[in-house]
Amino acid sequence: MIVQRPTPDQERWLRITARLALPRLAPEVAARTGGWKSVSPLARSALFVLGIVAAALSLAIGELLHVPSFLVVVGVALLAAAEWFSAPRHFFSCGIEEALGLVGLAAVAVQFQEWIGGVHDLGMSLLIAAVFAVAGIRFLNPLFITVAAVLLSFAVYFSQALAAVPASVLASCFCFAVAAGALLLGAKQFRRPAHEQMTRWLMVTLPWCAYLWVAGISWSLNVAIGVPVLSPASAVALLGPMTLGVLALLAGLKRRAHAPLMTFMVCLACVVIELHHYIRLSTQARLIAGGCILLAVAIALERALRTPHRGITARRLTGDVGVADLLSIAGAAALAPAAPASAADRIRGGGGEFGGGGASGRY
Amino acid sequence: MLSLEAEIMELQAAGLVTGPVAQRAVALERGSVFSVYEELRVALYLAVAAILAGLGLVLKDHLERIGPATLVLALAVVAALCYASALRTGQRRVERSAGGEYLLLLGALILSADLAYAEAQFHWFGAQWSWHLLVLAVVHGATAYYFESPLLLSVSVASLAGWLGVQGQTLSLVAWEQLLHQSGWRALSCAMLLLGWREAHRRRGGARPFLGVLDHAACNLACWGALAWCVAGSTRMAGLAVLGVLALCAVRVGLRRGQELFVTYGIGYATFGLCVVEAQVIDGSLATTIAALITVVVAAALLWRCHGLIRAAAT
């Protein structure tokens with residue numbers, strides 16, 4: 001079977017066409033993109049959601065019609081639909097074909113595991129990881145590849161490969177290793193934009209996942225003992241993001257790339273959360289102090305970079321109102337104080353809760 | 001790493017992009033110009049959120065130790081300091097930076113928390129307690145215009161929605177029928193109010209970013225209100241009709257302005273509302289599922305078509 005998708009050159013032209021808002025149907029552009037169609041990230045997300053819903057409804061119809069082995073029947077139909085969008089229709093990264101392909105593959109895989117008599121945690125996580133990986137490679141989707149990597153960390157956890165090391169520490173190390181690998185790989189010049197995107201997603205997402213694997217353990221150990229103890233979990237939870245964060249910051253500044261800088265911010269957040277075991281301050285004091293320090297550092301950086309320093313600037317480069325602006329506005333509105341659910345909820349004699357009607361003097 | 005420099009040079013040679021556009025794009029590809037604006041904005045937002053969360057805990061836990069009057073006064077002083085920084089920037093007639101913008105937002109949010117706390121403590125408005133939200137909406141609206149800050153405007157809109165009782169009710173579509181009915185009215189009223197505000201702003205030639213904030217807020221509130229009606233059994237047909245009209249308007253606005261987000265609002269909300277009503281009025285799981293599948297497929301086709309129209313118009 002010949003898998004149809006744009007060549008690396010065609011994909012590069014699709015990317016530059018979108019970035020510079022070039023006329024897609026202009027002969028010079030159409031000749032270079034090979035007739036492949038792609039959409040904006042917003043349309044891709046919306047079509048992906050609609051595709052997932054449509055695929056799920058198709059599976060439900062298969063079950064309601066009592067089609068024998070409906071998972072395979074509907075799954076194959078969904079895969080055929082995805083390929084129809086990809087090959088004759090030349091859809092690339094449009095969301096809908098990715099959703100149909102993913103659900104189709106997953107349905108076939110689930111039916112397969114039912115046929116072989118069911119698999120346990122390790123087998124199941126490997127199977128679903130394989131589904132996401134295959135779909136990610138087929139449709140060049142960075143989200144699928146990232147989910148596959150996260151699911152692989154579950155497989156590492158369930159495998160309990162090293163008896164001497166706690167399973168969650170092993171899974172966390174795996175995630176850190178994948179993130180570090182993506183960071184290193186990010187230095188390479190990619191031909192395909194999708195491959196570069198995959199490394200970006202992996203390096204930004206996996207540190208969170210790595211931290212979450214050990215965060216709970218590190219906390220419970222510390223709470224039980226009452227004093228900070230450098231257990232394997234707490235060591236990984238603190239030193240892992242610290243090391244990766246420093247590497248990411250250096251890489252981001254050297255390469256002038258946003259993804260490593262975002263990785264640095266994620267790692268910094270993990271370190272700050274983890275440090276609360278070692279700094280004996282109340283939650284509110286930590287939040288206010290941390291917020292004030294972050295605010296001061298950000299404002300100082302912005303002032304310092306108002307005049308570009310070696311090409312790095314704090315000024316925005318476009319005057320357009322983008323999705324990021326809308327998100328920041330929505331975020332500001334989300335921080336505004338909300339009204340209580342109803343007046344009836346509010347009036348509670350002697351309740352003394354915030355927004356309540358009582359005057360118990362107890363807040 | 002990925003460099004599309006060769007493609008940009010080819011485009012320039014073919015005359016598809018002008019020299020300055022190509023030079024700028026090449027500079028970005030090479031990294032000779034690199035902006036950390038978005039990273040700083042994320043950091044500033046997180047800082048403001050952390051400070052507010054901390055202050056919320058202080059208000060909750062330390063009342064007896066500090067005393068309400070002292071707390072109210074202390075918060076007012078902090079908010080005033082934040083506003084003073086923005087005033088100073090304004091007096092120097094320099095453009096406010098992202099840091100200044102978020103400092104102003106922090107001041108506004110501290111003021112909101114302070115007034116809400118004071119109202120809860122001293123009951124200045126008595127039974128009309130929610131009027132403090134209207135006061136906040138007016139104050140934030142006025143300061144938004146004075147400082148020309150879209151962030152403050154969004155806080156003002158959120159306070160206004162809170163005063164009308166929209167927050168926390170309309171956004172939950174799982175509620176009693178009577179509550180959903182009321183929530184729908186409130187959200188639609190709020191959306192109408194915002195549209196009126198927007199029109200007045202436009203006629204007076206106000207700042208363009210403000211129009212966007214009011215448009216998005218009005219569209220989402222109106223669609224949520226109509227959705228709430230769709231969920232409630234007694235108003236579902238009225239809700240569907242209103243939602244249909246709103247969706248059509250949103251799609252038309254999106255197509256006219258080339259803003260894909262409005263098209264997505266229109267199609268997304270209408271699809272959801274239609275599926276909800278289908279689930280209520282069609283008998284049998286199979287028929288309902290088939291109807292929902294047809295709706296979703298038509299929605300995807302419409303979205304694709306609209307995307308093509310917007311793209312064609314843009315180029």
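Guide: E199(B) is partly exposed in this predicted model, at 27% relative accessibility (buried is under 20% relative accessible area, exposed over 50%, partly exposed in between, with a 1.4 Å probe and protein chains only). Its side chain meets that of R203(B) in a salt bridge with an N to O distance of 3.4 Å (a side-chain nitrogen of Lys or Arg within 4 Å of a carboxyl oxygen of Asp or Glu), and R203(B) itself is exposed, its relative accessible area being 66%. Both residues belong to helix α9 (residues 177-203) of chain B, where they stand 4 residues apart, about one turn of the helix (helices being DSSP runs of H or I, at least four residues, numbered from the N terminus). The pair is part of one network, in which salt bridges with shared partners join R198(B), E199(B), R202(B), R203(B), D215(B) and R257(B).

Residues are numbered from 1 along each chain as its sequence is written, and chains are lettered from A and ligands numbered from 1 in the order in which they are written. Local features need pLDDT of at least 70 and side-chain atom pairs count only at pLDDT 80 or more, while totals for chains, interfaces and linings use all residues, and side-chain values use heavy atoms, with hydrogens and water left out.

Elsewhere in chain B, E38(B) and R41(B) form a salt bridge whose closest N and O atoms are 3.1 Å apart; being 3 residues apart in helix α3 (residues 37-61) of chain B, they are separated by about one helical turn. E38(B) is partly exposed at 35% relative accessibility, whereas R41(B) is buried at 8% relative accessible area. R41(B) also reaches across to the other chain, where its side chain meets that of D325(A) in a salt bridge of 3.0 Å, N to O.

Within chain A, R138(A) and E83(A) form a salt bridge, with 2.9 Å between the closest N and O atoms. R138(A) lies in helix α6 (residues 121-139) of chain A and E83(A) in helix α4 (residues 70-86) of chain A, so this pair ties together parts that are 55 residues apart in sequence. R138(A) counts as buried, at 12% relative accessibility, while E83(A), at 23%, counts as partly exposed.

Terms used
Helices (H or I, at least four residues) and strands (E, at least two) are DSSP runs, numbered from the N terminus.
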